[in-house]
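User: I would like to learn how to read the strand pairings, the helix packing and the cores of a model such as this one. Could you take me through them in turn?

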Amino acid sequence: MKTIISIYFLLITSIAPCLGSHLLVPMDEQQTNHLKAYGVTFWVLGQEVEAEWLLNYRGGSFMFKNQPSFEQELVIRGVSYEVISDAQALQIKEEIAHPESNMDLMRLDAVPKIAVYSPPSKQPWDDAVTLVLTYAEIPYDVIFDDEVMADLLPKYDWLHLHHEDFTGQYGKFYATYGREAWYIEAQNQFEASAKKHGFEKVSELKGAVVRKISDFCLGGGFLFAMCSATDTYDIALAAQDVDICDYMYDGDGVDSNVHDRLNYDKTFAFKDFKIKLDPYQYEYSEIDNQAYERGLREENDFFELFTFSAKWDPVPTMLTQNHQKQVKGFMGQTTAFKKRLIKSDVIILGECESVDEARYIHGTFGKGTWTFFGGHDPEDYRHFVGEEPTDLNLHPNSPGYRLILNNILFPAAKKKKQKT
């Protein structure tokens, strides 16, 4: 009897690949864990197996060859999937390829090497990207000023900027937290790092860092930033030769005629903005759309993702893949970007039209690209300093966190030339 069962098992396992040779990971409302689905796809690429990203097909689904270890990984991580035949896979590809369908197939064939620029004093409330990378089980390295100044960025394909203040004003937390132990410790660490690298001021070190990061993009790197790392990056670029920091931040006052000396030609995303020079004001510039200007509350704060032509504009299409086109808004030190201050060549991926703001934007620089995403935590509307980090086990289908992970897989794609 055991022999008969063994033979039957061998027959079944030998013909199984023929019956179901592909695994389809749907990313529509049928998916039980959207976030971990990205992690599994990333893991499959790590096994040197090509995956396919089915743009605009069932929410931006993934498909790859069926192997027992892949199916096992999907089960372990709680990700929904369908076993389909070669004929079914071909039928899906034919549907996607139809000239009238707004769908496209993007082949993923490489594992991006990921770095997160994050300070040694990082607190648990600090960063949505490290939360979702950890939850999705996507590996990354943490780097900071030492690694950037040592020219180690070319080792990586993708760089995320932690909610950093690249202006050298320590987040402009002085008025509220200037006497807190964690603030004092962070300031001491930043000042020591500046001196270590031969700079008198933290703002000068940060200016050198943003130039290195710009070189990273220029050479083909992928940059992603959220919250205050977005506008302070551009402010630091514009103010390369201008002192915009008051005495409590760098020991002396602000330069005269600051706004006449800003160079907007150097920025990635923003133009013609004015800096908030009050050192006690918890704001860097007029780029950020303030709560009193927005007039929105948690219950009516949403932004819409644009729908792009998948066959003509594959890059923005990849970055906006989602099972929902309307995404819950969320606040941060930098929440949203005034559209009048965004450069004309920047692609707006998501906006709240009623208050004339962009939430999610993208552009190119040299051979590389950058993406800026406003707000702090997609599943915590108003995340305060000192709060516990969000538990993503409670939000496995978060549309906001999906946008972050679209950017993670973006560098893995075999790029097609954008036609518009």
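Analyst: Two strands count as paired if DSSP finds at least two bridges between them, and helices (H or I, at least four residues) and strands (E, at least two) are DSSP runs numbered from the N terminus. This is a predicted model, in which local features need pLDDT of at least 70 and side-chain atom pairs count only at pLDDT 80 or more, while totals for chains, interfaces and linings use all residues. Residues are numbered from 1 along each chain as its sequence is written, and side-chain values use heavy atoms, with hydrogens and water left out. With those terms, strand β10 (residues 302-305) and strand β13 (residues 347-352) run antiparallel and are joined by two bridges, with E304 opposite E351 in β13.

User: What does β13 form with β14, and how many residues lie between them?

Analyst: They form a hairpin with four residues between the strands, and D356 in the turn has a positive phi of about 55°. The pairing of β13 with β14 (residues 357-365) is antiparallel over five bridges, and I347 has H362 in β14 as its bridge partner.

User: How is the packing of two helices described?

Analyst: Two packed helices are described by the angle between their axes and by the distance between those axes. Here axes are lines fitted to C-alpha atoms, for helices over the stretch in contact, and angles run from 0 to 180 degrees between N-to-C directions. Helix α5 (residues 128-136) and helix α15 (residues 399-409) pack at about 75°, with axes 10 Å apart; α5 is therefore roughly perpendicular to α15, a term that covers 65 to 115 degrees. Contact means heavy atoms within 4.5 Å, and among the residues that meet are V129 and V132 of α5 and Y401 and I404 of α15.

User: Which residues have the most contacts inside the largest nonpolar core?

Analyst: A nonpolar core is a set of buried Ala, Val, Leu, Ile, Met, Phe, Trp, Tyr and Cys residues joined through side-chain atoms within 4.5 Å, where buried means under 20% relative accessible area with a 1.4 Å probe, protein chains only. The largest such core has 59 residues, and F64, M226, F373 and I404 have the most contacts inside it. Its largest share, seven residues, comes from helix α2 (residues 34-46). Leaving aside residues up to four places away in sequence, I404 touches A128, V129, V132, F224, M226, F373 and P378.

Notes
Buried means under 20% relative accessible area, exposed over 50%, partly exposed in between (1.4 Å probe, protein chains only). Angles under 35 degrees count as roughly parallel, over 145 as roughly antiparallel, 65 to 115 as roughly perpendicular and the rest as oblique.
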